[in-house]
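Please walk me through this structure. I am new to it and would like to know how its parts are held together.

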Amino acid sequence: MRRRTGIFGKLAAATIFSLALIALLPAQTKAESIQETVPQTVKQRSLLDEVDTVSDKVDLLQRSGHLDFGEISLTKLSPTRASIFGTTQAYHTCPTLELDLYVDQYNTKTGNWKQWRYWEFSENNVDSLTRSLEIIVQSGYYYSVRGYHSCIHGDVQETAETITDGLYIGITDKPVN
């Protein structure tokens, strides 16, 4: 007995095959795309040893329609703990506000920053989005925080990026090599 496969059966098989292919392809997250572009394009980060807090704030130079400012900070709490803070502020209630926080770790051997951890936050129908996190870090490294701030209002998306200098967090005075 021969089984007939109509147009719907072939379409279903093609759809299942396409979905399986998509699942196997590596997905690039927003975090990965920002990691590739932000550290190289925003600014050169200084490495600071004798401070406990680093921060950055971006005010939009020209008044935008929705996004007011973005702000981030990194504070050393102990040789193995830090606090990160970020806020995205709009001029008025927006349908969607986003705040993404990325912690980068400095490699003294290569002289490069690598993304170490990240968090993405989003809220609807608010004019401000603020988050504060206490994190455990590896002692003996420089850390920096990057922020991605966004307001989505209809078809308009306004964004801003922030980045702190590198803050040494460790027990000793020398970074791990």
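Start at the hairpin of β4 and β5. Four residues lie between its strands, and Gly111 takes a positive phi near 75° there. This is a predicted model. The two strands, β4 (residues 81-107) and β5 (residues 112-136), run antiparallel and pair over 22 bridges.

Now turn to charge. Side chains of opposite charge can pair when their charged atoms come close. How many salt bridges does a search of the whole structure find? The search finds five.

One of them joins Asp52 to Lys76, with the closest N and O atoms 3.9 Å apart. Asp52 sits in the loop between β1 (47-48) and β2 (53-59), while Lys76 belongs to strand β3 (residues 67-78), so this pair ties together parts that are 24 residues apart in sequence. Asp52 is partly exposed, at 47% relative accessibility.

Asp104 pairs with Arg146, and their closest N and O atoms are 2.6 Å apart. This pair links distant parts of the chain: Asp104 is in strand β4, Arg146 is in strand β6 (residues 141-153), and 42 residues separate them. Are these two residues buried or exposed? Both Asp104 and Arg146 are buried. They also belong to a network of salt bridges, in which Arg45 is linked with Asp104 and Arg146.

Strand β5 (residues 112-136) comes up again here. Glu123 forms a salt bridge with Arg131, the closest N and O atoms lying 2.9 Å apart. Glu123 has a relative accessible area of 26%, so this residue counts as partly exposed. Arg131 is also at 26%, and is likewise partly exposed.

Move on to strand β7 (residues 156-163), where Glu158 is found. Is Glu158 buried or exposed? Glu158 counts as buried because its relative accessibility is 15%, and the cut-off for buried is under 20%. The side chain of Glu158 reaches the backbone nitrogen of Gly65 at 3.2 Å.

Cys94 is buried, with a relative accessible area of 1%. Cys151 is buried too, at 0% relative accessibility. How many disulfides are there? A disulfide needs a pair of cysteine sulfur atoms within 2.5 Å. By this rule the count is zero.

Conventions
Residues are numbered from 1 along each chain as its sequence is written. This is a predicted model: local features need pLDDT of at least 70, side-chain atom pairs count only at pLDDT 80 or more; totals for chains, interfaces and linings use all residues. Side-chain values use heavy atoms; hydrogens and water are left out. Buried means under 20% relative accessible area, exposed over 50%, partly exposed in between (1.4 Å probe, protein chains only). A polar contact is a pair of N or O atoms within 3.5 Å; within protein, one must be able to donate a hydrogen and the other to accept it, and residues adjacent in sequence count only if both atoms are side-chain atoms. Two strands pair if DSSP finds at least two bridges between them. A salt bridge is a side-chain nitrogen of Lys or Arg within 4 Å of a carboxyl oxygen of Asp or Glu.
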